[in-house]
Amino acid sequence: MPNPVSEGAAPDEPPCRTGFAVAPLIAFRAAPDYLESLTRREGKKTMNWITNYVRPKINSLFSRREVPENLWTKCGECGTMLFHRELADNLNVCTNCDHHMAITPRERFAALFDGGVFTEVKVSEPIADPLHFRDQKKYPDRMKAAQKATGEKDAMLVAEGEIARTPIIAAAQDFTFMGGSMGMFVGNAIIAAAERAVKRKLPLVLFAAAGGARMQEGILSLMQMPRTTVAVQMLKEAGLPYIVVLTHPTTGGVTASYAMLGDVQIAEPNALICFAGPRVIEQTIREKLPEGFQRAEYLLDHGMLDRVTHRKKMREELVTIIRMLTRQSPAVRGELSAPRPETGKAEMAEAK
Ligand SMILES: [Zn+2]
């Protein structure tokens with residue numbers, strides 16, 4: 001006789017040990033089918049009040065929950081519900097407490113470059129899943145899920161464009177893509193960015209955001225630390241500025257390589273920047289850590305950073321620093337109109 005408990009469950013789910021926990025679920029799942037069977041027994045295809053009134057009501061009870069999630073985002077710091085469009089207009093900075101939330105590289109570049117126009121720099125793709133790594137999920141499956149969720153190839157985007165008519169190369173790490181973890185692709189991206197900067201004699205601005213190395217790539221991800229360090233050295237030898245913007249959070253192996261090698265180190269307010277996190281340190285030394293430990297302002301006070309800059313003022317700050325370092329006259333202030341599409345194409349062709 002088939003087990004009534006496992007009958008309702010999906011085929012690959014393990015059978016539940018206690019019938020009680022699953023019983024209400026079955027009742028809910030079965031309800032619409034039961035209603036349908038009632039109508040069928042009557043010999044009619046539709047029975048107006050049940051199918052037209054009761055069923056839509058039941059469905060609306062369970063689907064209503066999804067709507068606010070699409071429209072509202074909860075601030076992780078103060079808990080305020082923020083309307084998503086308003087939040088996007090504010091560059092993903094909480095309008096209530098100024099908490100700087102994660103922003104995708106594409107959104108950041110759109111806000112950074114003149115008229116939101118930039119050219120993507122091609123990054124060579126590494127071998128997929130060299131270790132055939134598997135935890136709860138296979139690594140390729142995890143990658144596919146992250147690619148689908150973000151629409152990006154991996155956790156870093158490299159672009160070329162102008163900020164206040166100052167040409168630069170920019171690379172941004174995507175924390176929403178597997179925690180911005182540094183794998184072979186990120187290593188390749190930084191090398192591509194550095195090579196492009198050297199070729200075009202342009203400064204490189206890097207926005208870091210990472211949970212550390214990508215454990216699914218094992219030692220190959222750790223090898224990106226020396227690789228990216230060499231890439232940064234290439235810039236220094238060419239006499240080109242390398243500016244790092246540290247965003248919340250930048251942790252792990254990234255802070256032991258390219259994220260800490262900038263000529264100028266800028267951070268966004270209250271960003272967590274560390275190699276080992278505060279919880280790990282607290283457990284190791286068994287002492288309470290000071291207020292704001294490893295946060296941007298604390299690191300600025302202790303000489304680890306040069307600047308802490310609000311996301312909305314970042315563009316202006318970068319332009320000022322870059323023009324100073326490259327001995328250019330101060331940038332023209334104020335909003336500049338977007339370059340015409342024809343000029344954009346011509347510039348792209350020139351770049352090739
Ligand atoms: Zn907030």
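Helices (H or I, at least four residues) and strands (E, at least two) are DSSP runs, numbered from the N terminus. The model is predicted: local features need pLDDT of at least 70, side-chain atom pairs count only at pLDDT 80 or more, and totals for chains, interfaces and linings use all residues. Residue numbers start from 1 along each chain as its sequence is written.

Start with the whole chain. It holds 14 helices and 10 strands. Of its 352 residues, 31% count as buried. A residue is buried if 20 or more other C-beta atoms, placed from the backbone, lie within 10 Å of its own; it is exposed if 12 or fewer do, and partly exposed in between. Among contacts between residues at least 6 apart in sequence, 65% join residues at least 24 apart. Contact here means C-beta atoms, placed from the backbone, within 7 Å.

Turn to helix α7, residues 139-150. Its 12 residues reach 16 Å from first C-alpha to last, close to the 16 Å expected at 1.5 Å a residue. The expected span is 1.5 Å times one less than the number of residues. Just after α7, Gly 151 takes a positive phi of about 75°.

Next comes strand β6, residues 204-210. Seven of its seven residues are buried. In a regular strand the side chains alternate between the two faces of the sheet. On one side of β6 lie Leu 204, Leu 206, Ala 208 and Ala 210; on the other lie Val 205, Phe 207 and Ala 209.

What does β6 pair with? Strand β5 (residues 166-173) runs parallel to β6, joined by four bridges. Strands pair if DSSP finds at least two bridges between them. Ala 170 has Val 205 of β6 as its bridge partner. The chain crosses from β5 through helix α8 (residues 184-200) to β6, a right-handed β-α-β crossover. Right-handed means that, with the strands pointing away from the viewer, the path from the first strand over the helix to the second runs clockwise. Strand β7 (residues 242-251) also pairs with β6 in the parallel sense, over six bridges. There, Leu 206 is partnered by Val 244 of β7.

Now follow α8 to helix α10, residues 224-237. The two pack at an angle of about 10°, with axes 9 Å apart. That makes α8 roughly parallel to α10, because angles under 35 degrees count as such. Axes are lines fitted to C-alpha atoms, for helices over the stretch in contact, and angles run from 0 to 180 degrees between N-to-C directions. Among the residues that meet are Ile 190 and Ile 191 in α8, and Ala 231 and Val 232 in α10.

Definitions and conventions: Parallel < 35°, antiparallel > 145°, perpendicular 65-115°, else oblique. Contact = placed C-beta atoms within 7 Å.
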